[in-house]
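Please look at the structure shown here with its covalent cross-links, its charged side-chain pairs and its strand pairing in mind. The report below takes these topics in turn.

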Amino acid sequence: MHPAAWLMLGALALVACGDELELYGPRMDDDPVLLWVGRHAEAPPCPGDRLDYWEGWAYEAASDECGPCTCGPAACVAPSSLTTYAAIRCDGEGEPLTIAAEEGWHGTCVAIDPPVSSERFASVLFAPPALAPQCAPSPPLEPPPISGGYARACPLDSYVSWADFAICITPEADGLCRPGFTNRLEFTMRLSDNRACTPCACGAPTGGGCMADVMLYGDGTCNTQIDLAAFIDQRDNPCHDVPAPLPLAAVRAVLTREEPGSCTPTPATSKVVGTVERGERRVFCCEK
C-alpha cells in the first residue's frame with residue numbers, strides 16, 4: 001500500500017480513538033489556571049513559587065458573638081477622708097475642716113501640710129472604708145475567625161498534571177461549564193475585615209466587706225500617735241474626741257478586712273459589629 005494511504009488510515013484511527021475516549025483539553029484562549037482548594041493554613045505555594053496568584057473564599061461563616069464579658073472584683077479602698085471639729089462630739093461652734101485623701105491612696109503615712117492646729121482639733125469624724133466604685137471589665141475581644149473554603153489560583157505555564165492542583169477554565173458565555181470541566185466552583189475575594197467587638201461594661205459592685213484601722217499622728221512621719229480608730233466598718237462613721245493637745249500632722253490607714261465585691265457584666269456577651277468587604281467573584285470550571 002502507498003505510504004500516504006497508511007498515513008491517512010493512521011490519522012482516521014486516532015480521530016476515532018479520540019472520539020471514543022472523549023478527551024477534552026482546556027481552552028488556551030481563556031487562561032486556564034491551576035486551582036487548589038482547602039484550608040487557608042494548609043495552602044501550598046504555587047508551582048514554580050509563582051507569586052502572581054489569585055485567592056478567594058467560599059462558604060464563609062462566622063459567629064456573631066465575640067465571647068462572654070467578665071468583670072474583675074471590686075476591691076476594698078481605704079477611707080477617703082476625715083473631718084476635724086473644734087468642739088468635742090463632732091459638734092458645736094467653729095467651721096469643720098475636711099481633709100480628703102488623694103485618689104488611689106492605699107493608707108500609707110501621709111503628712112498634712114499645714115498641720116491642723118489643736119484649737120481646731122478637739123474631735124474627728126472618720127469616713128468608712130468602701131468598695132471600689134466599679135469593677136474592671138474584660139479587655140476588648142477579637143472577632144471570631146471566619147471559616148470557609150479557600151482557593152488559590154496559580155498561573156498555568158504548561159499543561160502538566162500538578163499534585164494537589166486541578167486545571168480549571170472559565171465558564172461558557174451562558175455560565176455553564178463545558179464537558180470535561182464540569183466541577184463548578186465559585187469564590188469571592190476578601191478585601192478587608194472591618195469587624196470589631198462591642199465593648200464590655202460592668203454594673204455597680206455588690207456584696208463584699210471592708211474594715212479599716214485609721215491612725216492619727218502629731219508629727220509628719222507617723223511616729224507620735226494621737227488616736228486610733230479601730231475596726232471601722234463600711235457602714236460606720238465614728239466620731240472620736242481627741243484629748244491630746246497636739247496638732248494633727250499625719251494620718252495612716254490599714255485595711256484589716258478585705259472581701260472584694262462583685263459586678264454583673266453588661267452586656268453578658270460581646271457582639272460582632274461591622275462587615276467583611278468582599279471584592280471580585282470568580283467562577284471556575286474544573287476537571288473532576
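Predicted model: local features only at pLDDT ≥ 70, side-chain atom pairs only at ≥ 80, totals over all residues.

Residues are numbered from 1 along each chain as its sequence is written, and side-chain values use heavy atoms, with hydrogens and water left out.

**Disulfides**

A disulfide is a covalent bond between the sulfur atoms of two cysteines. With the criterion of a pair of cysteine sulfur atoms within 2.5 Å, a search of the whole structure finds 10 disulfides. Three of them are set out in the table.

| Disulfide | S to S distance | Handedness |
|---|---|---|
| cysteine 90 and cysteine 239 | 1.9 Å | right-handed, 105 degrees about the S-S bond |
| cysteine 135 and cysteine 263 | 1.9 Å | right-handed, 70 degrees about the S-S bond |
| cysteine 177 and cysteine 285 | 2.0 Å | left-handed, about -75 degrees about the S-S bond |

Strands and helices are DSSP runs numbered from the N terminus, a strand (E) having at least two residues and a helix (H or I) at least four. For solvent exposure, buried means under 20% relative accessible area, exposed means over 50%, and partly exposed lies in between (1.4 Å probe, protein chains only). Cysteine 90 is buried with a relative accessible area of 14%, whereas cysteine 239, at 32%, counts as partly exposed.

Cysteine 135 is buried at 5% relative accessibility, and cysteine 263 is buried at 12%.

In the disulfide of cysteine 177 and cysteine 285, the torsion about the S-S bond is about -75 degrees, so the link is left-handed. The pair joins distant parts of the chain, with cysteine 177 in the loop between β11 (166-169) and β12 and cysteine 285 in strand β21, 108 residues apart. Both cysteine 177 and cysteine 285 are buried.

**Salt bridges**

Counting a salt bridge as a side-chain nitrogen of Lys or Arg within 4 Å of a carboxyl oxygen of Asp or Glu, the total comes to 7 salt bridges. One of them joins arginine 281 to glutamate 186, with the closest N and O atoms 3.1 Å apart. Arginine 281 sits in strand β21 (residues 276-286) and glutamate 186 in strand β12 (residues 183-193), so the contact ties together parts that are 95 residues apart in sequence. Glutamate 186 is partly exposed, at 37% relative accessibility.

Another salt bridge is formed by aspartate 193 and arginine 195, at 2.9 Å from N to O. Aspartate 193 is partly exposed at 41% relative accessibility, whereas arginine 195 is buried with a relative accessible area of 14%. Through salt bridges that share partners, Arg184, Glu186 and Arg281 are joined into one network. Arginine 39 and glutamate 42 also form a salt bridge, their closest N and O atoms being 3.5 Å apart, and both of these residues are exposed.

**The β6-β5-β8-β17 sheet**

Strands of a sheet pair through backbone hydrogen bonds, either parallel or antiparallel. Here two strands count as paired if DSSP finds at least two bridges between them, and an open sheet of 4 strands has the order β6-β5-β8-β17, with antiparallel pairing. β6 and β17 stand at the edges with a single partner strand each, so one side of each is left without a neighbour in the sheet.

Strand β5 pairs with β6 in the antiparallel sense over 4 bridges, and threonine 83 stands opposite threonine 98 in β6. β5 is also joined to β8 by 4 bridges, again antiparallel, with threonine 84 opposite valine 124 in β8. In β5, 4 of the 5 residues are buried, so this strand is largely enclosed by the rest of the structure. Strand β8 (residues 123-126) is joined to β17 by 3 bridges in the antiparallel sense, and the bridge partner of valine 124 in β17 is histidine 240.
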